[in-house]
Amino acid sequence: MKETGPIAVHTISVIVDNEAGVLARVIGLFSGRGYNIESLTVSTVDTSHETSRITIVTSGTRMVIEQIKAQLDRLVPVHKVADLTIEGDFVSRDLALVKVAGVGEKRVEALRLAEAFRAQVVDASRDSFVFELTGAANKLDAFVDLMSELGLVEVARTGAVALSRGQSGL
Amino acid sequence: MASTKTIQDPAATGAPGDEAANAPMSGAQMILKALVDLGVDTIFGYPGGAVLPIYDEIFKQDKIQHILVRHEQAAVHAAEGYARTTGKPGVVLVTSGPGATNAVTGLTDAMLDSIPIICITGQVARHLIGNDAFQEADTVGITRPCTKHNYLVKDTALVPDVIYEAFYVATNGRPGPVVIDMPKDVQIEKAPYARSGHREHRTYRPQVDGDEAALRKAAYALANGARPIIYSGGGIINAGPEASELLTEFARMTGMPVTSTLMGLGAFPASDHQFLGMLGMHGTWEANHAMHDCDVMLAIGARFDDRVTGQIDGFSPGSTKIQVDIDLSSINKNVAVDIPVIADAASALRRLIAIWKEEKLGDKQPPLVAWWDQIERWRMKDCLAYADSDEMIMPQKALERLQHYIDGKEAIIATEVGQHQMWAAQFLKFDKPNHWLTSGGLGTMGYGLPATIGAQIAFPDRLCIDVSGDASFQMNLQELGTISQYQLPVKIFIMNNEYMGMVRQWQDLSYDGRRSHSYSDSLPDFEKLAEAYGIKGMSVEDPAKLDDAIQEMINHDGPVLLDCRVAKIENCFPMVPAGAAHNEMLLAGDVIAKPKDDEALAVV
């Protein structure tokens, strides 16, 4: 269908059987049908390793988002699909590792800013740091942006993991 | 044979404690046992290195008949024909690598038309997977987007569970093809035959019964309509013969007109006055205009395909749209729906009928006289009219005469894809479900001949006809060998116009008549070709001899191919041109306007 209406970003949680190929099914669905993936994370989340939780950040018009959820829901190994964005408040966190190289004043400034952002130093050498930072995606964006002037070498990020607020779960 | 058997309750057989339980069996033996226990009587297949253990087990038993096709694509189409006519899943067995890749077109076809298929593919031994071994292909990777689900079986003990689960997944919810990839060493390895006990998939539970509030809302919306219409699709056929009966009952008690998609033909009797014919690109004038002007529409088991809607902006602009579908993803995909109902078609119709009676909605319904008057005026257009000829056989005429001679014979008709397919949908009349086999979603040329084989295997005594075209026929003509081997009395009716007719029609309408590569050059002599396979060959070109030829074809006790040479340059009308709305249909004799713009030209 032709795109009409505003495009919104949605965070979708998907509980799937932890079996071979399930991630390929989900990713294949997105690429095959032309949906966006802004980020995707996956890991087993129960002690018996029977199910995994996939968190997908995607964007589209209201009809496209509804299609994405319906298409996910009809995959056989998918147990549950929840659109956190429309089902109430939720928390979303991203983890970044940020490598910064430099000496002198820039190095001091990087460390000072890292403290302000409550980033951990997980690796240090005389002329570099690796910071570990957790937070909402925009906080990580801001930190990386600041580091770009202070000797940013490279960044690794997980993409969002998210849960709804309050007592109930999927 | 096939027609009387049904899939047995899996819980009733093969469960732990069964006589053979716990005796070690090879994976191949387990496959055969599970298939027999599930009520399978026929496999369509082609052997090869990676399925030799399974073929060896087939050799040793006689409960399941194996039909040897000549190409794996045809195995899947034959299984589709078997499934569509019997209501049971079709079973396919092919080897690894090229066997599996050849099956992909058939699997995609079954996926698009929601046909339940179980396709067992051989795979190289487990330790060789990923090594680019001989005849190795990543079958589960290749078939992931063209199956409802697929499995690579790495544990021999799981073979029975996987097969039971595959049958459950293929046949429940929206049906579809399921691939089971079986490494050769799993077929050889022995393990105790044991079922884990749970017969269904662990979590997959499609919703069968619709939401009551939504169904009531739908019933009231239909009762309030002054210009209602029922738009039914292939989902009715998939829901079983009862769904067709319920649809007919509901349509008759409400007096509403009924139109059908290509896939849904036969669900409502074509001979019924309330039937408006097929809708869509080559649908009837009355069906498309009624869809455009209706004020309430019940779409049931239909998915608003682009072939049905034409230009979305102009599709039935003023109507309240109710959609009943078992697949949530079919709702609001192409067209925004006002009242969605997630349900099996039979279940939803049963409730709609009950609500209609309980609430006496018939009393509340406005009179439909004016609506039917309007429909009759559209009907008077006689949109399927064509100019007949004494010199050549008009394709429409050929099908009218074919219909005349098969009337009342409960014939099963398959088609290939193209003009002949659309003419068959327009001119052949289906009063019952499961008698019409066609490739609707994928539009697979070469579907019809093997599909006819599958139907004939399921119903050996029924008249089974492949309405074909000269180009489509050549896409799976190797199956003449299968027909000959099993002496299947199929009738092959080739409407030979020496063109890929639909391609030629579009080139004439949209590309100033530049007939780029659409002429069927170097056609074989079809009559001699049939005879080379030991099949009776016939041909007819003179309109005066058409009736005799058709009768001879039908009455011949055995397989026969009739090369029916029809008018070469005839277009299929009515036609909703690319990028146009339903009420902008062209009829035979209309001045053809070229597509309005590039966007219209981009419509497939």
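Two residues are in contact if their C-beta atoms, placed from the backbone, lie within 7 Å. This is a predicted model, where local features need pLDDT of at least 70, side-chain atom pairs count only at pLDDT 80 or more, and totals for chains, interfaces and linings use all residues. Residues are numbered from 1 along each chain as its sequence is written, while chains are lettered from A and ligands numbered from 1 in the order in which they are written.

**View 1. Chain A as a whole.** Chain A holds four helices and nine strands. Here helices (H or I, at least four residues) and strands (E, at least two) are DSSP runs, numbered from the N terminus. Along the sequence, the pattern is β-α-β-β-α-β-β-α-β-β-α-β-β. The C-alpha trace of chain A spans about 55 × 45 × 35 Å along its principal axes. Take the contacts in chain A between residues at least 6 apart in sequence: 75% of them join residues at least 24 apart. Of the 170 residues in chain A, 26% are buried. A residue is buried if 20 or more other C-beta atoms lie within 10 Å of its own, exposed if 12 or fewer, and partly exposed in between, with C-beta atoms placed from the backbone.

**View 2. Where chain B touches chain A.** On chain B, 17 residues are in contact with 17 residues of chain A. The chain B side divides into seven nonpolar, six polar and four charged residues. Ala, Val, Leu, Ile, Met, Phe, Trp, Tyr, Cys and Pro count as nonpolar, Asp, Glu, Lys and Arg as charged, and the others, Gly among them, as polar.

**View 3. The nonpolar cores.** A nonpolar core is a set of buried Ala, Val, Leu, Ile, Met, Phe, Trp, Tyr and Cys residues joined through C-beta atoms within 7 Å. The largest has 208 residues, and A75(B), V92(B), I117(B), I118(B), I180(B) and L562(B) touch the most other members. Helix α6 (residues 159–171) of chain B gives the most to this core, eight residues. A second, separate core has 13 residues, among them A114(A), A119(A), F131(A) and M147(A). Leaving out residues up to four places away in sequence, I117(B) touches residues including V76(B), A79(B), L107(B), A170(B) and V178(B).

**View 4. Helix α10 of chain B and its buried side.** Helix α10(B) has 14 residues (241–254), which should span 20 Å at 1.5 Å a residue; the end C-alpha atoms are 20 Å apart, which agrees. The expected span is 1.5 Å times one less than the number of residues. Which residues of α10(B) are buried? They are A243(B), S244(B), L246(B), L247(B), F250(B), A251(B) and T254(B). These residues cover an arc of only 165° around the axis, so they lie on the same side of α10(B). The arc is that of the directions from the helix axis to the C-beta atoms. An α-helix has 3.6 residues a turn, so residues three or four places apart point the same way. The cover over the buried residues of α10(B) includes α8 (212–224), β9 (228–232) and α13 (345–358) of chain B. G255(B) follows α10(B), with a positive phi near 70°.

**View 5. Helix α2 of chain B.** In helix α2 (residues 52–59) of chain B, the buried residues are P53(B), I54(B), E57(B) and I58(B). They cover an arc of only 145° around the axis, which puts them on the same side of α2(B). Their cover includes β1 (24–26), α1 (27–37) and β4 (90–94) of chain B.

**View 6. Backbone points in chain B loops.** Most residues other than glycine have a negative phi, and most peptide bonds are trans. S316(B), not a glycine, has a positive phi near 35°. S316(B) sits in the loop between α12 (306–309) and β13 (320–325) of chain B. Is S316(B) buried or exposed? S316(B) is buried, because 24 other C-beta atoms lie within 10 Å. E498(B) also is not a glycine, and its phi is positive, about 60°. The loop between β18 (491–496) and α21 (501–510) of chain B holds E498(B). With 16 C-beta neighbours inside 10 Å, E498(B) counts as partly exposed. The peptide bond from F573(B) to P574(B) is cis, with omega near -5°. P574(B) lies in the loop between β20 (560–565) and α24 (598–601) of chain B.
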